Amino acid sequence: MSHFGYRGCGAGENIAWGSGSLGAPRSIFQAWMRSQGHRENILGPYEEIGIGLQTGSLEGYGGAHVWTEEFGSRNC
């Protein structure tokens, strides 16, 4: 995060993975919203967000979707 200018300011991260319907955007987002820490990141005081998706095989699960959300604030 410091590489992109988030020095000493707020930052957060959500990571999840699933395959089949459990890897779909709706399923992942619903799971994050049911988790207190992930929900706090989504609704938190951050100014910017980055979202990533990697598809492929993960630990023997073909068609896995790995989702990430990066949250940050440049102004403290």
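Predicted model: local features only at pLDDT ≥ 70, side-chain atom pairs only at ≥ 80, totals over all residues.
**Entry 1**
I began with the strands. I found an open sheet of three strands, in the order β1-β3-β2, with antiparallel pairing. Which strands sit at the edges? They are β1 (11-19) and β2 (48-58), and each of them pairs on one side only. A reminder to myself: strands of a sheet pair through backbone hydrogen bonds, either parallel or antiparallel.

**Entry 2: β2 beside β3**
How many bridges join β2 to β3? I noted 10, between β2 and the antiparallel strand β3 (residues 61-72). I then picked out Ile51, and opposite this residue stands Glu69 in β3.

**Entry 3: the helices**
Next I turned to what packs on the sheet. Helix α1 (residues 25-34) does, touching β1 and β3, and its direction makes about 130 degrees with that of β1. Helix α2 (residues 36-43) packs on the sheet as well, touching β1 and β3, with about 125 degrees between its direction and that of β1.

**Entry 4: aromatic rings**
I searched the whole structure for aromatic pairs and got two. One of them is formed by Trp17 and Tyr61; this pair is tilted, with 5.1 Å centre to centre and 55 degrees between the planes. Where do the partners lie? Trp17 is in strand β1 and Tyr61 in strand β3, 44 residues apart, so the pair links distant parts of the chain.

Note on methods
Residues numbered from 1 in each chain as written. Heavy atoms only, no water. Pairing = 2+ DSSP bridges. Helix = DSSP H or I, 4+ residues; strand = E, 2+ residues; numbered from the N terminus. Contact = heavy atoms within 4.5 Å. Axes fitted to C-alpha atoms, helices over the stretch in contact; angles between N-to-C directions. Phe/Tyr/Trp six-rings, centres within 6.5 Å; stacked < 30°, edge-to-face > 60°.
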